[in-house]
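Please look at the sequence and the structure shown below. The paragraphs that follow lead through selected parts of the structure.

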Amino acid sequence: MTKPLLQVEGLKKYFPIRSGVLAKQSGYVKAVDNVSFHVNEGETLGIVGESGCGKSTTGRMLMRLLEPTEGKVTFDGKELTSISSTEMRKARREIQMVFQDPYASLNPRHTVEKILMEPLIVHNIGNAKSRKKKVHEFLEIVGLSSYHAKRYPHQFSGGQRQRIGIARALMTNPKLIIADEPVSALDVSIQAQVLNLMQDLQKELKLTYIFIAHDLGVVRHISDRVGVMYLGRMAELATSESLYEEPLHPYTKALLSAVPVPDPEHKREQIILEGDIPSPSNPPSGCTFHTRCPFRMEACTSIVPKLEEVKPGHFVACHLYNEQVQH
Amino acid sequence: MTQMVPNSTKEIVIQTDPSTGPWRDAWRSFSKNKVALVGAGIVLFFLLLAILGPYIAPQGINDQSLKDRLLPPSSQYWFGTDDFGRDIFSRIIHGARISLWVGFSSVVGSVVAGSILGIIAGYYGKWVDTIISRIFDIMLAFPSILLAIAVVSVLGPSLQNALIAIAIINIPNFGRLIRSKVLSIKEEEYITSAKAIGMKDVRILFSHILPNSMAPVIVAGTLAIASAIIEAAALGFLGLGAQAPAPEWGKMLADARVVLRNAPWTMIFPGIAIMLTVLGFNLMGDGLRDALDPRMKN
């Protein structure tokens, strides 16, 4: 249970900014900057953050859909960042992805059967007959019926399409599923259904999830541990309970205070952050959050805080919890 | 008193036609478009003429009857006769075969070549794209008929070479069309998801990107057949395409020039044949555009 299935070390993605007639490189967008974490077998790691914080980029780099600029990704003892692209393609059998937009992630010209069969054909699993059987089996597993196999994606609702997307990710019996905002395009009532389905599948098929989302409630519901990202860096990483009950990083506190509480009588202290997210092409020096942080100190403007374990299992990248910097 | 009926626990299954694929939808919308159907009808008519030509035509294409030179339309010669006493009606029927053959095969040629170049340019991008796109730009900088004349003068005047020339001048049109389509489709999430599954580039290109970029190509292809027919006729008219005595419509127009004042029917009927075929393909192409373009869907 505690064996790390995926280990990420110092992952970076810098997108070059090119300008001018000759496309001279004039800078970088630091989409992901030195992110490290691990995922244990059978657990769900949630990654939250606002738009543009690099959470999707991180997810895509884990599968090498985007090549990392720097860093090491080790999956099940195999270093994914150093293998050839052919080997990586084969390794994708073990890591699958569920996408955000169920309307865009299914080829509109293929029937559901073809969509679900494709992973099996690509990885050369089984023969025509057994593939067909498996397609029908997985349609039932995700709560659809086998007679849906002959239909096209446009004949389904958003929630049903996302179930197809999940079924497709499951076809090759992967160990790890990276879910990139799998429910943010769905209605709230459907969100719950899809989340419950994902949890049931996790138990049944012993899956490990990396769950990327911007909805804190959703992440809390499904995750064992949660990482909070801000401007390409991991700000805080802790177990779900300890992060939600006792957030340490000022950014996490602000985020959590913004979660609506379904009680009109409830008086809450809302931390309103001033300003906008700074541009990732020109991030603030030191701690990237210092421009908006209510607890800003001298050190924050110059020294980049490291992600450190301040309590067992609770990591935070903030100088407030680092006594050496404070004094 | 009405009694409440307990909710049935059975799942409500809404039966939709299980096989409503994108092509079937397109056909449904196409078949509702009357103008397009007229166009398709005209095309079908000329297609039948081309196939059944030798069986329908009352006379052979080269049967000369010198006593019947330049006769006006009559019950014996429906469209009159030409300079050599040949039956214009029979020649037009045979000419359908030539025009449609040139139209179809040149467009198929330029679609195949254009698709391959366009896909490579669009999918791989970078310097490959730059080279291919600039070549397209250079070709598009010339008026197409001028380029065709240049190609034919290099290869020598014949129907075959006119066909090749027309195919070549249309390559950049299809190439650019496919390239732009590939550029937009490769950013779609189902392409990313295909990569995430572990699919090879070749499979992504041919099983996902190509089928999804075909709709505008079919439309442009249908319309291009019309212009290819005109171009073939123009080359024939200039003496660079089909050579005498082939009953090519453009060539017939050119031959009619000399006797136009005395026998206008020698020009009118081939002219009408060209016009009708082109009209048919254009109407059908417009109908296909409406049927295949998702933005037109309501």
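**A guided reading of the model**

In chain A, helix H1 (residues 55–62) is mostly covered, with eight of its eight residues buried. This is a predicted model. The buried residues of H1(A) are A:Lys55, A:Ser56, A:Thr57, A:Thr58, A:Gly59, A:Arg60, A:Met61 and A:Leu62. After H1(A) comes A:Arg64, which has a positive phi near 55°.

The position of A:Lys206 is in the loop between helix H6 (188–205) and strand E8 (208–213) of chain A.

A:Leu231 is not a glycine either, and its phi is positive, at about 50°. This residue lies in the loop between strand E9 (225–230) and strand E10 (233–239) of chain A. Is A:Leu231 buried or exposed? The cut-off for a buried residue is 20 or more other C-beta atoms within 10 Å. Because A:Leu231 has 25 other C-beta atoms within 10 Å, it is buried.

The unreviewed UniProt entry places the feature "domain: ABC transporter" at residues 6–256 of chain A.

The next topic is the meeting of the two chains. How many residues of chain A are in contact with chain B? There are 24 residues of chain A in contact with 20 residues of chain B. On the side of chain A that touches chain B, two or more residues each are given by helix H2 (85–91), strand E6 (95–98) and helix H3 (112–122) of chain A. H3(A) supplies the largest share of this side, namely three residues. By class, the side of chain A that touches chain B has ten nonpolar, five polar and nine charged residues.

Two packed helices are described by the angle between their axes and the distance between the axes. In chain B, the axes of helix H1 (residues 22–31) and helix H10 (residues 265–292) come within 8 Å and cross at roughly 130°. H1(B) and H10(B) are therefore oblique to each other, and H1(B) passes H10(B) in a right-handed crossing. H1(B) contributes B:Ala26, B:Ser29 and B:Phe30 to the contact, while H10(B) contributes B:Gly287, B:Leu288, B:Asp290, B:Ala291 and B:Leu292. The contact of H1(B) with H10(B) consists of five nonpolar, two polar and one charged residues.

The second example is formed by helix H5 (residues 144–155) and helix H6 (residues 159–185) of chain B, whose axes come within 9 Å and cross at roughly 140°. H5(B) is therefore oblique to H6(B). The crossing of H5(B) and H6(B) is right-handed. Among the residues that make this contact are B:Leu147 and B:Val151 of H5(B) and B:Ala162 and B:Ile166 of H6(B). The contact of H5(B) with H6(B) includes eleven nonpolar, two polar and no charged residues.

Technical notes. Residues are numbered from 1 along each chain as its sequence is written. Chains are lettered from A and ligands numbered from 1 in the order in which they are written. This is a predicted model: local features need pLDDT of at least 70, side-chain atom pairs count only at pLDDT 80 or more; totals for chains, interfaces and linings use all residues. UniProt positions are given in the numbering used here, feature names are shortened, and annotations may be inferred rather than shown by experiment. Helices (H or I, at least four residues) and strands (E, at least two) are DSSP runs, numbered from the N terminus. A residue is buried if 20 or more other C-beta atoms lie within 10 Å of its own, exposed if 12 or fewer, and partly exposed in between; C-beta atoms are placed from the backbone. Axes are lines fitted to C-alpha atoms, for helices over the stretch in contact, and angles run from 0 to 180 degrees between N-to-C directions. Angles under 35 degrees count as roughly parallel, over 145 as roughly antiparallel, 65 to 115 as roughly perpendicular and the rest as oblique. A crossing is left-handed if the near helix is turned anticlockwise from the far one by less than a right angle, and right-handed if clockwise. Two residues are in contact if their C-beta atoms, placed from the backbone, lie within 7 Å. Ala, Val, Leu, Ile, Met, Phe, Trp, Tyr, Cys and Pro count as nonpolar, Asp, Glu, Lys and Arg as charged, and the others, Gly among them, as polar.
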